[in-house]
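Hi everyone, thanks for making time this morning. Let me put the sequence and the model up, and then I'll walk you through it.

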Amino acid sequence: GIAVLGFLFDPTQHIALVAIFLLIMADFVFGIAAARKSGEPVRSAKLRRTAIKVAVYYALIACAHVTEYALPSYMGFLDESVLGFLAATELLSILENVGKLGYVVPKNLVKLLGDYTNKQ
């Protein structure tokens, strides 16, 4: 078990892996709150979608890390790039949901993150 995880995920990035999970959970909580505020029904599909998101995100991170093994001279930037992109995507979603709740969000940061995630 541990050996497989060590192969699939860079053990030096355990804090980043936990951070991605926490960002997904924060996005879920703020998304539910924004839906309730706007009167949208909250369905179990949102919970299922979040569980699928966790699985897909971690699969992407693992695939990026395993790909690094196949590259010449072990170029260790792919999983970091995927982690950064996923974190920026989650932060953008959180900021958008916080804005829907009526709180002030930094519009320039939202635009910057939106531009970043849309270019990728």
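Let's begin with α2, which has 25 residues and reaches 36 Å from its first C-alpha to its last, close to the 36 Å expected at 1.5 Å a residue. The expected span here is 1.5 Å times one less than the number of residues in the helix. Helices are DSSP runs of H or I with at least four residues, strands are runs of E with at least two, and both are numbered from the N terminus.

A word on where this comes from: it is a predicted model, where local features need pLDDT of at least 70, side-chain atom pairs count only at pLDDT 80 or more, and totals for chains, interfaces and linings use all residues. Residues are numbered from 1 along each chain as its sequence is written, and side-chain values use heavy atoms, with hydrogens and water left out.

Back to α2. Its buried residues are Leu 17, Ile 20, Ile 24, Asp 27, Gly 31, Ile 32, Ala 34 and Ala 35. By buried I mean under 20% relative accessible area, with exposed being over 50% and partly exposed in between, using a 1.4 Å probe and protein chains only. What do those buried residues of α2 pack against? They pack against α3 and α4. Just after α2 comes Gly 39, with a positive phi of about 85°.

Take Ile 20 as an example from α2. Why does Ile 20 count as buried? Because its relative accessibility is 3%. Leaving aside neighbours within four places in sequence, Ile 20 is in contact with Tyr 57, Tyr 58, Leu 83, Leu 86 and Ala 87; contact means heavy atoms within 4.5 Å. Ile 20 and Leu 92 are 72 residues apart in sequence, and their C-alpha atoms are 13 Å apart in space.

Now α4. Its 23 residues should span 33 Å at 1.5 Å a residue, and its end C-alpha atoms are 33 Å apart, so the two agree. Buried residues in α4 include Leu 83, Leu 86, Leu 92 and Ile 94, and after the helix comes Gly 102, with a positive phi near 100°.

Gln 13 sits in the loop between α1 (2-8) and α2. Gln 13 is buried, at 8% relative accessible area, and touches Asp 79, Glu 80 and Leu 83, not counting residues up to four places away in sequence.

Next, the largest pocket, with about 300 Å³ of space. Closest to its centre, of the 16 residues that line it, are Asp 27, Gly 31, Lys 46, Arg 49 and Asn 97. A pocket is an open set of points on a 1 Å grid over the protein atoms alone, where a 1.4 Å probe fits, with protein on both sides within 12 Å along at least five of seven lines; lining residues have an atom within 4 Å of a point. Which helix supplies the largest share of the lining? That is α2, with seven residues, while α2 (14-38), α3 (44-70) and α4 (78-100) each supply at least two.

Finally, the whole protein: five helices and zero strands. Of its 120 residues, 32% count as buried, and the C-alpha trace spans about 50 × 35 × 20 Å along its principal axes. Residues 24 or more positions apart make up 65% of the contacts with a separation of 6 or more. Thanks, and I'm happy to take questions!

How values were computed
Grid points are joined across faces, edges and corners, and a volume is the space filled by probe spheres set on the points.
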